[in-house]
Amino acid sequence: MRQVWITRHGPPQVLQLREAPIPRPTAAEILIKVAAAGVNFADILARVGIYPDAPKPPCVVGYEVAGEVVGIGPSVTLFSVGDRVIAPTHFGGYSSHLCVLQHQAFALPPGLGFAEGAALPTVYLTAYQLVIAMGKVQPGETILLYSAAGGVGLAVIDLAAIIGAKVIGVASSSKHAFLRTRGLAGLIDTESDDVVAQVMALTGGRGVDLALDARGGRSWRDSFACLKPTGRLGVFGFSAAVATRGRWLPAMQALASVPWLRFTPFALMNGNIGVFGVNLRHIWQDFEPARAWIRQILDWQAEGKVRPTVDRSFPLSDAAAAHRYLQSHSNIGKVVLLP
């Protein structure tokens with residue numbers, strides 16, 4: 001089989017295509033011939049070397065795949081050879097073949113291609129945890145959403161529409177035309193230096209009920225300042241720590257911009273504000289809640305309420321180009337690899 005390895009921490013060219021034996025499924029595992037694998041910003045953080053949860057290089061990353069079952073372990077009862085499936089993965093997704101536990105996989109919804117299937121698990125599970133499981137968004141509430149045109153951003157917009165919540169999106173101005181088609185309540189340019197003032201103008205000075213921010217650094221300060229009393233800030237990434245050049249300087253600058261004093265218990269108590277974080281990898285210790293979440297997501301997809309969006313597909317052999325594209329924030333929706 002073929003796999004893309006992070007050979008060492010560094011720029012995209014450290015990614016290398018290698019051959020390896022096709023794995024054999026253990027008792028409760030299925031072997032998937034991967035047709036598409038999702039690329040996430042966490043993969044870039046792992047490659048750069050500032051994602052503490054990632055395995056040390058050399059390693060294979062990747063959080064989600066879609067493909068065909070080509071082998072099953074003797075205890076497998078949920079799937080048969082030939083089934084088309086999607087699966088979140090605990091790393092290892094940048095592969096042409098991959099074994100996962102049967103309870104980790106789900107049938108590929110009818111009408112979805114493999115690329116769209118691979119674009120669904122990570123971003124929609126993350127969005128579900130942010131908006132519903134922890135954000136507790138209610139009908140009529142307002143969400144401030146950074147990186148609104150990214151994979152998680154578009155998933156959040158879908159879930160907000162299902163709930164009946166409003167979304168104010170922060171994204172590059174070149175992406176605003178697309179986002180208007182998704183019915184946002186307001187749009188703010190990523191380069192704006194008056195995000196707080198614009199949010200307050202859009203909300204009549206009230207602020208937002210939930211701010212979702214994967215950028216970090218100064219944007220966490222702005223997101224916090226946009227919250228109304230009883231508002232919540234959900235953080236789920238730290239993309240500000242990654243730049244096209246350098247490794248530690250961008251990370252240190254981003255860390256220095258974090259409003260640490262605003263996150264103290266007394267500051268939160270006095271402001272009637274909540275702050276929570278989401279790291280999808282850590283739900284693996286108890287996967288049952290995530291299984292319930294993804295089953296609900298798949299039900300909504302069957303009803304046409306969930307629309308995974310693929311921006312671009314790259315061959316597995318061109319994973320470095322996929323990383324460059326995602327790291328430049330050029331994407332609208334998901335980037336996927338096609339083994």
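Predicted model: local features only at pLDDT ≥ 70, side-chain atom pairs only at ≥ 80, totals over all residues.

## Helix 3 against helix 10

Helix 3 and helix 10 pack with their axes 10 Å apart and at an angle of about 105 degrees, a value that makes helix 3 roughly perpendicular to helix 10. On the helix 3 side the contact is made by Pro-121, Tyr-124, Leu-125, Tyr-128, Gln-129, Ile-132 and Ala-133, and these meet Ala-290, Trp-293, Ile-294, Gln-296, Ile-297 and Trp-300 of helix 10. Sorted by class, the contact of helix 3 with helix 10 holds 11 nonpolar residues and two polar ones, with no charged residues.

## Aromatic pairs

The count of aromatic pairs in the model comes to six. One of them joins Tyr-128 and Trp-293, whose rings are stacked, at 5.5 Å centre to centre and with 25 degrees between the planes. Because Tyr-128 lies in helix 3 (residues 121-133) and Trp-293 in helix 10 (residues 288-302), this pair ties together parts that are 165 residues apart in sequence. Tyr-128 has a relative accessible area of 13% and is therefore buried, and Trp-293, with a relative accessible area of 15%, is buried as well. Tyr-128 and Trp-293 also belong to one aromatic cluster with Trp-300.

Another aromatic pair is formed by Phe-314 and Tyr-325, which are tilted, with 50 degrees between the planes and 6.0 Å centre to centre. Phe-314 lies in strand 14 (residues 310-315) and Tyr-325 in helix 11, so this pair ties together parts that are 11 residues apart in sequence. Both Phe-314 and Tyr-325 are buried.

## Charges over rings

The ring of Tyr-325, already described as paired with Phe-314, also has the charged end of Arg-312 sitting over it, 4.8 Å from the ring centre. A further arrangement of this kind involves Arg-84, whose charged end sits over the ring of Phe-114 at 4.3 Å from its centre.

## Helix 1 against helix 11

Helix 11 (residues 319-327) packs with helix 1 (residues 41-48) at an angle of about 110 degrees, and their axes are 10 Å apart. An angle from 65 to 115 degrees counts as roughly perpendicular, and helix 1 and helix 11 are therefore described in that way.

In this contact, Phe-41, Asp-43, Ile-44 and Arg-47 of helix 1 meet His-323, Leu-326 and Gln-327 of helix 11. By class, the residues of the contact of helix 1 with helix 11 divide into three nonpolar, two polar and two charged, whereas the contact of helix 3 with helix 10 has no charged residues.

Terms used
Residues numbered from 1 in each chain as written. Heavy atoms only, no water. Axes fitted to C-alpha atoms, helices over the stretch in contact; angles between N-to-C directions. Helix = DSSP H or I, 4+ residues; strand = E, 2+ residues; numbered from the N terminus. Parallel < 35°, antiparallel > 145°, perpendicular 65-115°, else oblique. Contact = heavy atoms within 4.5 Å. Nonpolar A, V, L, I, M, F, W, Y, C, P; charged D, E, K, R; others polar. Phe/Tyr/Trp six-rings, centres within 6.5 Å; stacked < 30°, edge-to-face > 60°. Buried < 20%, exposed > 50% of the residue type's maximum accessible area, 1.4 Å probe, protein only. Lys NZ or Arg CZ within 6 Å of the ring centre and 35° of its normal.
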